[in-house]
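Trainee: I would like to go through this model with you step by step, beginning with the sheet and then turning to the helices around it.

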Amino acid sequence: MIIKHREKPKKIAGYEALLKRLPPTHPKRMAVKNSLNNANAGYGGEERLDEALEFFDPPYPHLIIQDFSLGESFKVQVDTVVLTQSCVFLLEIKNIAGKLQFKQNPSALHSILTNGEIKSYKSPITQMNETAIRMNKFLKTLGCPLSVATIIVIAHPSQIVEDAPPNALILASGELNFHLSKMKLLKPIISIEELHQLGQSLVDIHRDYHPFPLAPKFQIEQSEIEAGVFCPRCVFGKMARTKRIWECETCRLTSQDAPVDALLDWFMLIKPTINTAECLDFIGLEKLDTAKRFLVRNGCQPIGGRRYREYTRPLKGK
């Protein structure tokens, strides 16, 4: 039973917003585009993992948590957690192009592309071993006696894996369901009631990974980011404010909500706070009072004294 479903990562929308607001010749566009491609590939792999477990019906009670994160306290991020009465499985999917070679001493994962280019990544085995240690430590704080096991899942059957260490469990997504269903688990350590209590505790403790703001991570200054309200239909067209609505200068689409997307762009890209003067300039409003009403009307909370007042708006992450 799935007790927490996966959502599309908000960072994908952030990368798209950053690309939209960078000039075509900006030197960081390629880095942002690569990050967007990697994020989309990662999400695509996670969806394949979800599909692989769509008909998961093993002969033992279980709970599934998709996309689990403990945030900074324990620094645990897992694609999927499977809880049973005997142990906890941590599933991590890899959707990396090319032939995959596991390297030792030091550990790494090399991707060899068809053009001969080699890309190096942190070994997912090392990554999951570290995650398992942290997860074990966290479960002990809950008084949970379950052990933790890790499984690395390869997204596509066409991916070739070489030199995988014999002690690592690496499966293709298509064989995951069968493997977990046929696995003989140890004698139950916790009751069904305790299993559900554990699942609810993990869902309650889960904290979305927060990747924002993105521009500083690429060392992009606010002055390099184009301000204004972009058209939601033709994407790169700018919108101008009339008396009550906004109209695209390119396709003539009218909208009342388009400025809200621009406000979200600010929080995703630039910083977690905004003042009325910044809102005036970035959104394209005419008066400070108008900016204040706009911020409050769209869920922004004031912080600080009147003289240095800023506004913040919660953004869910990943």
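## The sheet and its helices

Mentor: In this predicted model, strand β4 (residues 87–94) and strand β8 (residues 147–154) pair in the parallel sense, with eight bridges between them.

Trainee: Which residue of β8 does I93 stand opposite?

Mentor: Strands of a sheet pair through backbone hydrogen bonds, in either a parallel or an antiparallel sense. For β4 and β8 the sense is parallel, and the residue of β8 that stands opposite I93 is V153.

Trainee: Which strands stand at the edges of the sheet?

Mentor: Six strands form an open sheet with mixed pairing, and their order is β1-β2-β3-β4-β8-β10. A strand with a single partner has one side left without a neighbour in the sheet, and this holds for the two edge strands, β1 and β10 (170–172).

Trainee: What angle does the direction of α5 make with that of β2?

Mentor: Within the sheet, neighbouring strands are turned by 30° against each other on average, when direction is ignored. Helix α5 packs on this sheet, where it touches β1, β2 and β3, and its direction makes with that of β2 an angle of about 15°.

Trainee: How far apart are the end C-alpha atoms of α5?

Mentor: Helix α5 covers residues 192–205, and at 1.5 Å a residue its 14 residues should span 20 Å. The model agrees with this expectation, because the end C-alpha atoms of α5 are apart by 20 Å.

Trainee: What arc do the buried residues of α5 cover around the axis?

Mentor: The buried residues of α5 are L195, L198, G199 and L202. They lie on the same side of α5, because the arc that they cover around the axis is only 100°. Their packing partners are β1 (2–4), β2 (62–69), β3 (77–84) and α3 (124–141), so that the answer to your question remains an arc of 100°.

Trainee: Does S181 count as buried or exposed?

Mentor: S181 is found in helix α4 (residues 173–182), and its side chain reaches the backbone oxygen of N177 at 2.8 Å. Leaving aside neighbours within four places in sequence, S181 is in contact with F56, P58, P59 and Y60. Its relative accessibility is 17%, and since the cut-off for this class is under 20%, S181 counts as buried.

Trainee: How far apart are the end C-alpha atoms of α2?

Mentor: Helix α2 (residues 29–52) has 24 residues, which at 1.5 Å a residue should span 34 Å.

Technical notes
Residues numbered from 1 in each chain as written. Predicted model: local features only at pLDDT ≥ 70, side-chain atom pairs only at ≥ 80, totals over all residues. Heavy atoms only, no water. Helix = DSSP H or I, 4+ residues; strand = E, 2+ residues; numbered from the N terminus. Expected span 1.5 Å × (residues − 1). Buried < 20%, exposed > 50% of the residue type's maximum accessible area, 1.4 Å probe, protein only. Arc of directions from axis to C-beta. Contact = heavy atoms within 4.5 Å. Pairing = 2+ DSSP bridges. Axes fitted to C-alpha atoms, helices over the stretch in contact; angles between N-to-C directions. Polar contact = N/O pair within 3.5 Å; in protein donor to acceptor, adjacent residues only side chain to side chain.
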